[in-house]
Amino acid sequence: MWSDTDPALSTILANVSLYWLRNTISTGLYHYRSSAGKRTTPDLTSPDLGDTPVGYSLFKKEIAPIPGKIAGQSVKLAWYRRHERGGHFAALEQPEVFWEDVWDFTQQVWA
């Protein structure tokens, strides 16, 4: 299960339509296609990140969760928070919590 509660069908269709009608569905799915069958967890290593500070919110029902200690081994993990609710689509499921995490991370990094 990827979520605490399933969103309404109209919400799912609205989000899918946004990607489809703007012709961005391909790039939205690129990460999933490029990593399919290669590993069980997302690859957090990227040659483009360098010394860039990274923030990571781990939501309980994430499809492929990575513990903070492991994530911090491959990137410069500057901020981390674990949540007991929410899942893979946290911005849709828990928008206030997700935005608070974004805000807290940026405040810490730019302080």
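How many salt bridges does the structure hold? The structure holds three. This is a predicted model, and the tour below visits each bridge in turn, with a few other stops.

**Stop 1**

Select helix H1, residues 9-21. H1 has 13 residues, which should span 18 Å at 1.5 Å a residue. Check the C-alpha atoms at its ends: they are 18 Å apart, in agreement with that span.

Now step past the end of H1 to Asn23. Asn23 sits in the loop that runs from helix H1 to helix H2, the latter covering residues 25-35. Most residues other than glycine have a negative phi. Show the surface as well: Asn23 is exposed, at a relative accessible area of 64%.

**Stop 2: Lys60 and Glu84**

Next, select Lys60 and Glu84 and show their side chains. They form a salt bridge, 3.6 Å from N to O. Lys60 belongs to strand S1 (residues 53-61) and Glu84 to strand S2 (residues 76-87), so this bridge ties together parts that are 24 residues apart in sequence. Are these two residues buried or exposed? Both Lys60 and Glu84 are exposed.

**Stop 3: Arg81 and its two partners**

The bridge links distant parts of the chain: Arg81 lies in strand S2 and Asp101 in helix H5, 20 residues apart. Asp101 counts as buried because its relative accessible area is 3%, under the 20% cut-off. Arg81 is partly exposed, at 25%.

What joins Arg81 to Asp104? A salt bridge does, with the closest N and O atoms 2.9 Å apart. Here too the link is between distant parts of the chain, from Arg81 in strand S2 to Asp104 in helix H5, 23 residues away. Asp104 is partly exposed, with 23% relative accessibility.

**Stop 4: Val102 on helix H5**

Remain on helix H5, residues 95-109, and pick Val102. Val102 is partly exposed, since its relative accessibility is 30%. The distance is 8.8 Å, although Val102 and Ser57 are 45 residues apart in sequence.

**Stop 5: Glu93, a buried charge**

Finish at helix H4, residues 90-93, and select Glu93. Side chains of opposite charge can pair when their charged atoms come close. Which side chain of opposite charge is nearest to Glu93? That is Arg85, 7.2 Å away. Glu93 is buried, yet has no salt bridge. The cut-off for a salt bridge is 4 Å.

Look at the backbone of Gly87 before you leave. Its nitrogen lies 3.2 Å from a polar atom of the Glu93 side chain.

Notes: Residues numbered from 1 in each chain as written. Predicted model: local features only at pLDDT ≥ 70, side-chain atom pairs only at ≥ 80, totals over all residues. Heavy atoms only, no water. Helix = DSSP H or I, 4+ residues; strand = E, 2+ residues; numbered from the N terminus. Buried < 20%, exposed > 50% of the residue type's maximum accessible area, 1.4 Å probe, protein only. Lys, Arg positive; Asp, Glu negative; His and termini not counted. Polar contact = N/O pair within 3.5 Å; in protein donor to acceptor, adjacent residues only side chain to side chain. Expected span 1.5 Å × (residues − 1).
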